[in-house]
Amino acid sequence: DAGVIQSPRHEVTEMGQEVTLRCKPISGHNSLFWYRQTMMRGLELLIYFNNNVPIDDSGMPEDRFSAKMPNASFSTLKIQPSEPRDSAVYFCASNGGTVEAFFGQGTRLTVV
Amino acid sequence: AQKVTQAQTEISVVEKEDVTLDCVYETRDTTYYLFWYKQPPSGELVFLIRRNSFDEQNEISGRYSWNFQKSTSSFNFTITASQVVDSAVYFCALSEARRDDKIIFGKGTRLHILP
């Protein structure tokens with residue numbers, strides 16, 4: 001299996017622009033997680049899905065952030081409008097069958 | 001509520017020394033899972049080990065060993081005869097699996113192995 005695939009790996013955008021991060025979980029996994037990593041806050045869980053249904057979005061910082069999982073093989077995290085403080089590494093992870101989560105390579109987002 | 005505390009922000013040791021990374025957790029659940037992940041300088045997060053709350057046996061994998069003690073709510077990680085390639089950020093994490101699949105991470109410990 002190719003593992004969790006995230007795109008893009010790097011994104012630089014201007015403040016106010018819309019940003020969409022993409023994730024393809026490991027085939028057969030039924031839970032998908034979005035995390036954000038910053039120096040100040042460490043690894044924060046933003047939202048997670050089980051069987052494509054959002055279970056807990058309490059970590060989503062504000063209404064500018066939204067996430068969808070239209071099918072078992074694809075999820076998006078959207079920020080609109082983006083702000084410089086959104087600059088971080090965003091990780092997608094999935095699990096299924098075992099409780100540990102397997103992570104993608106991350107998307108490094110820079111908002112200027 | 002779930003909480004994972006890694007009190008050591010940064011540790012530096014000389015190669016071949018042993019080093020222990022501390023992890024203390026909080027949970028109201030009786031069934032839970034504990035994890036360690038490694039984040040090398042390249043940035044990916046690599047799963048190292050999972051332990052469930054009913055299994056307090058210590059585990060050894062090569063130079064790595066883990067000590068799980070429910071009495072002190074700790075799940076410490078020891079690297080024996082450290083090597084420069086062990087330099088990374090190490091995260092301890094917790095999942096209350098009976099509630100949901102959510103995995104909460106500690107802030108991480110940055111480990112520097114000096115040649």
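Predicted model: local features only at pLDDT ≥ 70, side-chain atom pairs only at ≥ 80, totals over all residues.
Residues are numbered from 1 along each chain as its sequence is written, and chains are lettered from A in the order in which they are written. Local features need pLDDT of at least 70 and side-chain atom pairs pLDDT 80 or more, while totals for chains, interfaces and linings use all residues; side-chain values use heavy atoms, without hydrogens and water.

**Stop 1: the interface**

Select chain A and chain B together. The contact (heavy atoms within 4.5 Å) involves 21 residues from chain A and 17 residues from chain B. About 1,600 Å² is buried between the two chains, 60% of it from carbon and sulfur atoms. Buried area here is the accessible area (1.4 Å probe) that two parts lose on being put together, summed over both.

Next, show A:D56 and B:K102. Their side chains form a salt bridge, at 2.9 Å from N to O. The term stands for a side-chain nitrogen of Lys or Arg within 4 Å of a carboxyl oxygen of Asp or Glu. Between chain B and chain A the count is two salt bridges.

The largest share, four residues, comes from β5(B).

**Stop 2: A:A88**

Select A:A88, in strand β9 (residues 88-95) of chain A. Is A:A88 buried or exposed? A:A88 counts as buried, because its relative accessibility is 9%; the cut-offs are under 20% for buried and over 50% for exposed, with partly exposed in between (1.4 Å probe, protein chains only). Residues that A:A88 touches include A:R36, A:Q37 and A:T107.

**Stop 3: aromatic rings**

Over all chains there are 20 aromatic pairs. Rings of Phe, Tyr and Trp (its six-membered ring) pair if their centres lie within 6.5 Å; planes under 30 degrees apart count as stacked, over 60 as edge-to-face and the rest as tilted.

Select A:F33 and A:Y48, a stacked pair with 5.4 Å centre to centre and 20° between the planes. A:F33 lies in β4 (residues 31-38) and A:Y48 in β5 (residues 42-50) of chain A, 15 residues apart. A:F33 is buried at 0% relative accessible area, and A:Y48 is buried at 1%.

Then select A:Y35 and A:F103, a tilted pair at 5.5 Å and 40°. These two residues are 68 residues apart.

Finally, show the cluster linked by ring pairs, with A:F91, B:F35 and B:Y37 among its members.

Conventions. Lists of a residue's contacts leave out its neighbours within four places in sequence.
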